[in-house]
Amino acid sequence: MSEPFRSLAEALRSFDDERLAQLLAARPDLAAPVPRGIGPLAARAAGSASVHRALSALRRPELSLLEALVVLPEPADPAALAAAVGSDPAEAAPFLERLRTLALAWGETEIRAVRGAHDVLRTPAGLAPEHDDDPSPDEASRRIGVAPGALAPVLERLAWGPARIDADPASPAARALLDAGIAERRGDALVIPRTVHLALRGGRVRDGLAAHRPAPSGPAITERIPGARDAQAVEAAFDALRICGTVRRWDDDPPSVLRRGGMAQRDLRRLAQQADAPVPAYAAVIQTAWLAGLLGHDGEAWQPTADWDAFRARPLEERWAELALAWAQGRHVAALAGTPDAAGAPRALLGEATFRDGARTRRLNLLRALHGAPGIAASVDSLVASLTWAFPLVPAATAVEEARALLVEGQALGLVLDGALTALGEALLAELDAADGAGTAVGADRDVDPREADAHLARRLRELAPPAVDEVLLDSDLTATIPGRPAERLLPLLDWTEPVSRGGALTLRFTAASVRRAMSRGADADDLRALLAATSRSPVPQALDYLLRDEARRHGQVHIGRAASFLTAEEDVLALFASSPHAAPLALTMLAPTVAVSTAEPGFVLQMVRRAELSGIAVGPDGSTARDDRGHTLRGGGAEVHLERADGPELRLAPAEAVARIREAEAGAGEDPSVTDRLLDAIAHGRTLRLGIVDGRGGVIARDAVPLSLEGGRLRARDARGAEEFTVLVHRVTLG
């Protein structure tokens, strides 16, 4: 069969619309902006930067085949390519086809890797980069054949390892390798030349294709009491909501904001202890609440945001659903908090230190792996093996961290238990896969419609959760027992008490300190008495009644509140502003006829004052005029305003629409192609162009050249009359 394609561009022209859409969905950078034809698309797909991004979508077999294509002489036939990875053409065919769909390889009987793959994969499969002094394949085989027999065990270990040898060059073993020509000195390192390394491997690039993904493994899960796992998952879900609710106590001693952002480790440990939760579980829930937009800071202390009240007003099941989706779609790994970063400093929770590119995609991939192994308590090692097959370029240490994080964070939210998905985890995965279409790796980073997903997940939690208990058992020892899952109206009891035990029943104890704490937050003792009278089977014990009355009598001798801004004005001016509709969002509290305070930050107060057509000026705590020399930060009467960038879904053109535009441009419709488009088309087809290069004095130097790549505003080309390569800025290039 003759080879039908002479270039990647010709191969892409054979794609139908569906396959082109798959390419653009898997490599969205190719469609931003939409290329003006197949030629520019091919040139962009072969660029080093785009290829580097595309490699993250490859699984172990596909990466192995691409590495083999980079190593083997081009073009390679399917049989030789399969043999280079220890496989056969039939087994390798589906993975090779995906490389073609991703435009990383092209050709049917004569297969080539795109140019960018050679630039990116400098050390494919651990082999050294090609070097001018590398021995020929025959010479490499001869060196292996005549090597001393004592080196055989060493050569066997080196065969499938990296080319760089971690050994002292002066050691006897290193000297023996140097003398035998197995290793060479390159700078300060000992390196096995590529041809010698291939000879050690018997001419293969990889020892096997690893066509099948390792499934999560571990002991089988047994359930002595039917439904016990569902009950544990539900309990964990509601406990996550309890932990989330403890942020209301931060007013007493709010956690501080680190200079580099995030929450200090000492605050994290302190708050976890106060919430009666393990630090990893607490960190997972709090970070999830932050990702959901429920927590923020003013530059000095962490506090609930304005969305907190709306969140608290929703039913419990819907609150959990919002947290579960925020965790699944987050790009942060809470379990990294406290671990050292590249500089050795501990990573802080609630900050960019726990951000990890690709974490969301890998988390979803692991959830799918657990779904495919039901009834198995998956071990961390098996999850790491499964993850590194799906993402072979991810460092092993990263895979271990994220596999452990999945088990810890998922268990804190009731989604994973003992290394297996719970019924709630299965429901979450179903929602994520519904948003992702067929649930393939392509498009695995898409966002979920929160309203539909919230409703479905909340409904699933309601189905699994036992009926809420709406009564409390009071005892004379100041304890209150809720015999089951507390109903919504019993949750305020948590603010008045200290927990004694949790489980099938919740036991709480009233103490003088807990009662004082509740009153300091604005809770009313009369409301508590009314709640207890309505929900208790017995009258309120006398000891509890005395405790509440005594603390109420002592409470309120000193009034303390929080204010971010203060306003001073003449009595009639302040009264006029307070009665205007512009003052409503400020929740003003009048301290005197001429003084008011607000919890809103000073910049917003100043804006409302000016909208009310009054003259306002920002002042500092001492009354002097506050100056803002940066134009976006305002100090005066309160804390500095701190703005953070919020990540949102990227606006991307639908692949089908991008394909339609490419087809239209390919057909010749629209404007004349630009210089960039013509260069990209020449790159795709390997054509020679007459380039005009503007020099530093304004003159133009004409040069016949073959454009090789166009990235970052720089054109790399090869002189048509020789092998010399040169690079020039695109804006200095003209075409005749």
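This is a predicted model: local features need pLDDT of at least 70, side-chain atom pairs count only at pLDDT 80 or more; totals for chains, interfaces and linings use all residues.
Display the surface around them. Arg-690 is partly exposed, at a relative accessible area of 48%. Asp-704 is also partly exposed, with a value of 24%.

Next, select Glu-725 and Arg-716. Their side chains meet in a salt bridge of 3.0 Å, N to O. Glu-725 has a relative accessible area of 45%, so it counts as partly exposed. Arg-716 is partly exposed too, at 21%; the range for that label starts where buried ends, and buried means under 20%.

Now go to helix α26, residues 542-554, and pick Arg-549 and Asp-545. A salt bridge connects the two side chains, at 2.9 Å from N to O. Why are they about one helical turn apart? Because they are four residues apart in this helix. Colour the pair by accessibility. Arg-549 is partly exposed, with a relative accessible area of 44%, whereas Asp-545 is buried, with 18%.

From pairs, move on to a group. Select Arg-314, Glu-317, Glu-318, Glu-322 and Arg-462. A network of salt bridges links these residues. For the structure as a whole, the count of salt bridges comes to 33.

The last stop is empty space. Rolling a probe the size of a water molecule over the atoms shows where such space is left. How many cavities of 30 Å³ or more does a search of the whole structure find? There are three. Turn to the second largest cavity, which has a volume of about 80 Å³.

To find the second largest cavity, select the residues that line it:

- Val-333, Ala-359, Arg-362, Arg-363 and Leu-366 are among the lining residues.
- Glu-402, Ala-405, Leu-406 and Glu-409 also belong to the lining.

α18 (359-371) and α20 (396-412) each supply at least two residues of its lining. Colour the lining by residue class.

Note on methods
Residues are numbered from 1 along each chain as its sequence is written. Side-chain values use heavy atoms; hydrogens and water are left out. On a 1 Å grid over the protein atoms alone, a cavity is a set of points where a 1.4 Å probe fits but cannot get out, and a pocket is an open set with protein on both sides within 12 Å along at least five of seven lines; lining residues have an atom within 4 Å of a point. Grid points are joined across faces, edges and corners, and a volume is the space filled by probe spheres set on the points. A salt bridge is a side-chain nitrogen of Lys or Arg within 4 Å of a carboxyl oxygen of Asp or Glu. Buried means under 20% relative accessible area, exposed over 50%, partly exposed in between (1.4 Å probe, protein chains only).
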